[in-house]
Amino acid sequence: MKILAVCGMGFGSSMMLKMTIEKILKEKGITADVETADFTTASSIYADFIFTNEEFAKQLEGGKVKVVSVKNIADLNEVRGALESVLNT
Amino acid sequence: MAFFEFLMNEILSIPAVLVGLMVFIGLVAQRAATTKVMSGTLKSIIGFLILGAGAGVIVGSLDSLGGIIDEAFHIQGVIPNNEAIVAIAQQMFGTETALIMGFGFIANILFARFTPWKYIFLTGHHTFFMAALLSAVLGTTGMDGATLVIVGSLLLGFFMVAMPALGQPFMRQVTGNDDIAIGHFGTFGYIAAGFIGKWFGNKSKSTEDIVISEKWSFLKDSLITTALTMIAIFIILAVLAGSDVVSNFSGDQNYIMFSIMQGIMFAAGLSIILLGVRMILNEIVPAFKGIADKLVPGAKPALDIPIVFPYAPTAVMIGFLFSFAGGLISMALLGVLSLPLIIPGLVPHFFTGAGAGVFGNATGGRIGAAAGGFVNGVLISFLPAFLLPVLGELGFANTTFGDSDFGVIGIIIGYIASLFN
């Protein structure tokens, strides 16, 4: 499984989001690749899920990749909820 | 002894290897799997070399830009862009920057552990940029060797806790809690916006009651907006300078077509540099956070500015537009005053202008967001103009550090250091 964390530059808030996602994956015992990307290149990278903010999510939706929007990227509970909801579908 | 000399002269003198070594230590300290240690270390070294390649591309475009402005108007033209200046700086201060960044992380952990400022600064690219700024400013004052690295690392670690601490009273108003801090070296601009909003604005008239059309959201794609503005800047300059001046740079190519391609070239160089920065930081920041979490109980993460954007998306657009307007007006003033012409760069204005908008809105509603963004735009135009002299040789690169703290800190340290010489 590959998860892409996306922000404007691909190394600021997406990095924090990646760390939050990895922490949750670890506590759940799930192995997955989590990478960061900037908004411009995100749509050309293969992934199972894209995690990003609401604005970028609106623009990245519509492709084959399931896009998940997160408001507070440092909030473990919010990201955990979002991850659980996509993993269960 | 021969081995030690080989280590110092051949291995540790290569900045890319030094960065790789830091990542290696970080991953080993985290007890990462051997394959991860190998791939992470190698990736960071490749990333550092990519940075140099991107610098080459962007310098080509910047040399034409600076050259045209110089020949046509006889002033220095500078377009602030952190990524570009840091990539260029690596050719002069690569080793110092890598060492200051590494020891700066440690200094941050120590300051957070032993002072009331419990902030862990997780915006890795800004740590990297500040390390480069400190290397350049301290290096220009004549400091070198171990002294430069020790002073630079302590200063870096200090700013990594002090800036989030300064921003925190306003961050609490933005987020409504005390859980996260702002970890971005545009803090002076955000604080200024916060005060402006408080003094002149009205918190109850929030920007978030205004609806902005969806069609403007493409502006958040920073690579595209950078390409578009650079094309516009090049074309305007080319028309003002005339085809005779431009032909000194474009050769036989049509001067308008040349301008368009140079604008796109700048964006291409920026994209390469972004990839390099990403590959350097991908392992280093998580390793730093992992170690900091263990050593600093009750630490608060200080995060990159987009963390505040979801709290007021309309203020983001208003702050950005007014910051850019502030930049344009300031550019005209700088021209009149015969100071270096600071051309508003999209990346700094977008990220810090948006941040100032959100902070201004939190304390003073729509007036706060607009006025705060504008003041930020003026700050990040005038500060770089006065920063250039303290950067020494790096001050002639046609690009420079964009965000407010780089300007304030660079200027203060540069002038204090010059008092001792």
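This is a predicted model: local features need pLDDT of at least 70, side-chain atom pairs count only at pLDDT 80 or more; totals for chains, interfaces and linings use all residues.
Residues are numbered from 1 along each chain as its sequence is written, while chains are lettered from A and ligands numbered from 1 in the order in which they are written.

Student: Which element gives the most to the side of chain A that touches chain B?

Tutor: In this model, 21 residues of chain A are in contact with 27 residues of chain B (contact: C-beta atoms, placed from the backbone, within 7 Å). The elements of chain A that give two or more residues to this side are α1 (13-28), β2 (33-38), α2 (39-42) and α3 (54-60); helices (H or I, at least four residues) and strands (E, at least two) are DSSP runs, numbered from the N terminus. The greatest contribution, 4 residues, comes from α1(A).

Student: In what order do the 3 strands of the open sheet in chain B stand?

Tutor: Strand β2 (residues 119-121) of chain B pairs with β4(B) in the parallel sense over 3 bridges, and strand β3 (residues 181-182) of chain B is joined to β4(B) by 2 bridges, also parallel. Two strands pair if DSSP finds at least two bridges between them. The order is therefore β2-β4-β3 (chain B).

Student: Are the residues of strand β3 (residues 49-52) of chain A buried or exposed?

Tutor: A residue is buried if 20 or more other C-beta atoms lie within 10 Å of its own, exposed if 12 or fewer, and partly exposed in between, with C-beta atoms placed from the backbone. F49(A) and F51(A) lie on one side of the strand, and I50(A) and T52(A) on the other. Both faces are covered, and these four residues are all buried.

Student: Which residue of β4(A) does F51(A) stand opposite?

Tutor: β3(A) is joined to strand β4 (residues 66-69) of chain A by 4 bridges, and the two run parallel. In β4(A), the residue opposite F51(A) is V68(A).

How values were computed
Two residues are in contact if their C-beta atoms, placed from the backbone, lie within 7 Å.
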